[in-house]
Amino acid sequence: MMSSTAPTDLPAGDEDGDMETLHLAATAASDYASVASTFDPLLSASPPSPPTPAAFPLSPASSSFVDPPSYADVAASSPHSASASSSASPRSARAAASEYTFIAVSDPAPEAEPAATSLVPGSSPTYITYLVISARRGEHRRHAVRRRFRDFVTLADRLAEAFRGHFVPPRPDKNTVESQVMQRDEFVAQRRAALERYLWRLAEHPAIGPSDELRVFLQVEGKMPLPSSTDVASRMLDGAARLPRQLLGEETVATPQDVVQPAKGGRDLLRIFKELKQSVVSDWAGVKPPLVEEDKDFLEKKQKLQDWEQQLTSSSQQAEALVKAQQDMGETMGALGLAFIKLTKFETEEALYDSQRIRAADSKRIATAAVKASRACRDLNTQSVKYLDTLHEHLGIMLSVHTAFFDRSSALLTVQTLMSDLASLQSRIEKLEAAASKIFGGDRARLRKVEELRETIRATEDAKCCALREYERIKENNRSELHRLDQERKDDMLEMLKGYVASQIEWIPYPNPRRVGE
Amino acid sequence: MISAERSQSQSPRSPAAAGAPFLTISVTDPVKMGTGVQSYISYRVITKTNLPEFEGQEKIVIRRYSDFEWLHDRLAEKYKGIFIPPLPEKNAVEKFRFSKEFIEMRCQALDLFVNRIASHPELKQTEDFRIFLQADEEKMDRARSYETGIFKKPSDFLQMFKDVQSKVSDVVLGKEKPVEESTPEYEKLKNYIFELENHLAEAQKQAFRLVKRHRELGQSLADFGKAIKLLGACEGDSLEKVFSEVGSKSEMLSVKLQREADNLLFHFEEPLKDYVRSVQSIKATMVDRANAFRQHFDLDQERKYKELNLEKLKFMNPEKFSETEVEFRELKADSEEATKRFEHIVAVMEEELARFQEQKTADIGLAFHEFAKGQAKLAKDIADAWRSVLPKLEACSTS
């Protein structure tokens, strides 16, 4: 009985280490071979190995995003540990080059709100904190800090501000517990895994990895060191207070540092209104704005990414359906095996005739093979989930791409608005000068107004230059990120297919060639 | 019954060893007849034989499901103790009734039905069987409506009457529950049959589900393959090619899965279903046996009772004696007949059981073999398909 040689010619493509799966595959394969060789002496031999391509086990309360194994689990056999794989996958290369060599999120523990006044004595609102351990490249020591989910949100906000135009990895969703069907513990476990993945993605980003924001988040102990944004309400209040002054012309223009930030969510209500008007004018009134997006390369890429995203969405849906179908197959195969085992047991015990015993032996072989196949299915599922999950990940990346493109368009809008401002200021000056020149001896009031306006123009020019610089900066970020994404996308997709196909081969026991066709 | 018009031409398929008796029957060509609510499926039943009891070397008749039912019911009535081969289910959900699959499976099951009868030493010689195989359609129609109408045969009434009688005597004699045969061997057999049915039904249910899973997986593989191809088209260049390959393989495997689903349905699930039906047929025979036993037992009790009375009467009332004696003799004859009937059933069942087990072992063994073969081939196809793609994936570069 030749034990299957399938594991040894396993392609090096299975580079996520997985030494343990290799071993399991070997035993599964040789089991099938042994069943094959002893199957059915009555009829011409043919291996009974049942089946089937893999099935995915759906995680218990999966939404549209399937949870892959956490990085901590994968880390055991991942590129971060000493992997025996000969060819490094692009992903492992990225991780190996990242700023941090180790990141783990663990130990969810409840803490009470510090200044909480509890209406019901004995119960105070609690939140969960997580232990975040990290080690930076080149440093030996590990840092350990406690952070709560709110802190992660803050980190995400700060990064969004600091890295406009970049594809900033999206953070895990907030979803409140009450909207969940699953238990608290499961929710916490899923969140922990999601937070860990999030930090890894941040670390692997070429611009964000080395950033101060991330470093401070990971290393500074105690209270969260990054400023949390003030709530929108007070921002709006501030803005409302400024508005009358702006309208009266006293506080005329946004200061240069302000224009670097997008208008929305800021305190400058007037600016928000102006930019809104500008976008309406550009979009609906058909008036060509003074500066337009002309970068053909960009526009082309944008279109292509839209197509890509559409296909990605449909592919990830199909992948999910495939996972479910494969899981169902494995389950039913197991149930079938179980039913036959019961039948076998029954026949063996209650047999009245010898022919029944023979039959019992047959059904036992089938049953055993079916149960084994069901187990192999389960294992293959885990593998397949890991690889096909790339599709989901890239959907997440597309979210950050949209944000980055939005950064660009809002920066452009700011520039356009300022340019229209300048144009209208200029025309006001011309009108005033024209009117003033008609009056003999000059019009002191008007001329003074003209001077004021010229001042405003100068300030607006400065602002416009800032805004333009910012716009160019964002454009450049977009460009380099697009370039990076192009490569990453190709690498990831190829790796995904390789891994998926390789795991299919590995986990389907290859029937002993001697037996087939005998 | 040799028909005068017996054809002299030898059919090309008659056995080389001319003279060896053979009887081959096939049920084929299901055709939908009629319209609307009254539509039904008709089948061609082709009989080829050299047996003298039959009307010719080859006979083709058209039959429908109720004709098969007629045959089954007639045989079940007349040949108690024999496990009459089971029929496929009578009713079906309306929309399913004319699906290609359902019709094919029913045709297969009906073919099996007649062939089992043809290979049963006793059943194949019955006149009912010959009528079924040879009567023209009109005659068949008449025979069928006669039987399946509300018009019941006289013997049915008699039987019902007798049942009531025995129930009454039960009460009279102070027995609350009907008497059952309860030898340890028979008890064991009864238990075995009932439990076997449960286990088989469960196995068949799972087998049916497995067929469904194959279809579902096939469908999702096809959808996935299509989606992957479109995804690759966005990339262009070398990536597009490998994506397209992976997509095509997915689609190809989807087809194989659908085929395996069909294979499983016909060669694995259906035999299991057939097994369940056969066990149910055995249960029907067991009911017959129980009835026969009760009759025998009741009549026997009655006879004993009457015998005692008779002895008394001999001395006490000689005139009444001769009258009663005649009655008694009749009763004795009935009782002996009932006992014989019962014992006949018991003996026949013995033989039938042995035959049944042998045949079932062969049938199920074949079904398991088909299952294993099909699954192994599927696994190999899947592995081969992916193996052929992997080198291309690995050779592909993204830079």
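**Exercise 1.** Which side chains meet in a salt bridge at 2.6 Å, N to O?

*Solution.* Keep in mind that this is a predicted model. Start with the charged partners: the side chain of A:Arg489 meets that of B:Glu235 in a salt bridge, with 2.6 Å from N to O. The cut-off for such a pair is 4 Å between a Lys or Arg side-chain nitrogen and a carboxyl oxygen of Asp or Glu, so the pair of A:Arg489 and B:Glu235 qualifies. Next, widen the view: three salt bridges are found across the interface of chain B and chain A, along with five residue pairs in polar contact.

**Exercise 2.** Describe the side of chain B that touches chain A.

*Solution.* Begin with the helices. H6 (184-235), H7 (237-316) and H8 (318-395) of chain B each supply at least two residues to this side, and H6(B) gives the largest share, 27 residues. Then sort by class: 37 residues are nonpolar, eleven polar and 16 charged. Now count both partners: 64 residues of chain B are in contact with 73 of chain A. Finish with area: the two chains bury about 6,100 Å² between them, 74% of it on carbon and sulfur atoms.

**Exercise 3.** Work out where in chain B to read the coordinates with care.

*Solution.* Take the average first: chain B has a mean pLDDT of 83, and 85% of the residues score at least 70. Then compare helices: H6(B) has the highest confidence, at 92, while H5 (residues 154-172) of chain B has the lowest, at a mean of 55. Residues 1-16 of chain B fall below 50. Where pLDDT is low, the predicted coordinates should not be read in detail. For the complex, the predictor gives an ipTM of 0.80 and a pTM of 0.75.

Definitions and conventions. Residues are numbered from 1 along each chain as its sequence is written. Chains are lettered from A and ligands numbered from 1 in the order in which they are written. This is a predicted model: local features need pLDDT of at least 70, side-chain atom pairs count only at pLDDT 80 or more; totals for chains, interfaces and linings use all residues. Side-chain values use heavy atoms; hydrogens and water are left out. Contact means heavy atoms within 4.5 Å. Buried area is the accessible area (1.4 Å probe) that two parts lose on being put together, summed over both. A polar contact is a pair of N or O atoms within 3.5 Å; within protein, one must be able to donate a hydrogen and the other to accept it, and residues adjacent in sequence count only if both atoms are side-chain atoms. Helices (H or I, at least four residues) and strands (E, at least two) are DSSP runs, numbered from the N terminus. Ala, Val, Leu, Ile, Met, Phe, Trp, Tyr, Cys and Pro count as nonpolar, Asp, Glu, Lys and Arg as charged, and the others, Gly among them, as polar. pLDDT is the predictor's confidence in each residue, from 0 to 100.
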